[in-house]
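Please open the model in your viewer and keep the selection panel at hand. We will go from the whole chain down to single residues.

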Amino acid sequence: MVQAKKLTLYVVVVFVLYTIITSPARAADLVQVGFEGISSAAQAVGEFMTELVN
């Protein structure tokens with residue numbers, strides 16, 4: 001089981017590196033979308049907590 005996890009991790013890392021090398025603009029777009037999603041989620045959690053307090 002541990003070997004499968006290591007293999008999966010290596011495959012993901014190689015895929016990410018391949019994507020960055022072959023298409024840096026697309027990789028940058030994906031990272032930006034990811035950070036926007038995280039930012040939106042954090043903002044929603046903050047608004048939810050603010051409403052709970054009020």
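**Before selecting anything.** This is a predicted model, in which local features need pLDDT of at least 70, side-chain atom pairs count only at pLDDT 80 or more, and totals for chains, interfaces and linings use all residues. Residues are numbered from 1 along each chain as its sequence is written, and side-chain values use heavy atoms, with hydrogens and water left out.

**Whole protein.** Switch to cartoon view: there are two helices and zero strands (DSSP runs numbered from the N terminus, H or I of at least four residues for helices, E of at least two for strands). The radius of gyration is 17 Å, well over the 10 Å that the globule rule gives for 54 residues, so the protein is more spread out than a compact globule. That radius is taken over C-alpha atoms, and the rule is 2.2 Å times the number of residues to the power 0.38. Along the principal axes, the C-alpha atoms fill a box of roughly 50 × 35 × 5 Å.

**Helix α1.** Select residues 2–22. How many of the 21 residues of α1 are buried? The number is one, so α1 lies largely in the open. From first C-alpha to last, α1 reaches 30 Å, close to the 30 Å expected at 1.5 Å a residue (1.5 Å times one less than the number of residues).

**Thr19.** Next, pick Thr19 in α1. Thr19 is buried, at 18% relative accessible area. Leaving out residues up to four places away in sequence, Thr19 touches Pro24 and Ala27 (contact means heavy atoms within 4.5 Å).

**Val13 and Lys5.** Val13, also placed in α1, is partly exposed at 40% relative accessibility. Lys5, another stop in α1, is exposed at 58%. Finish with a distance label: the C-alpha atoms of Lys5 and Glu47, 42 residues apart along the chain, are separated by 37 Å.

Technical notes: Buried means under 20% relative accessible area, exposed over 50%, partly exposed in between (1.4 Å probe, protein chains only).
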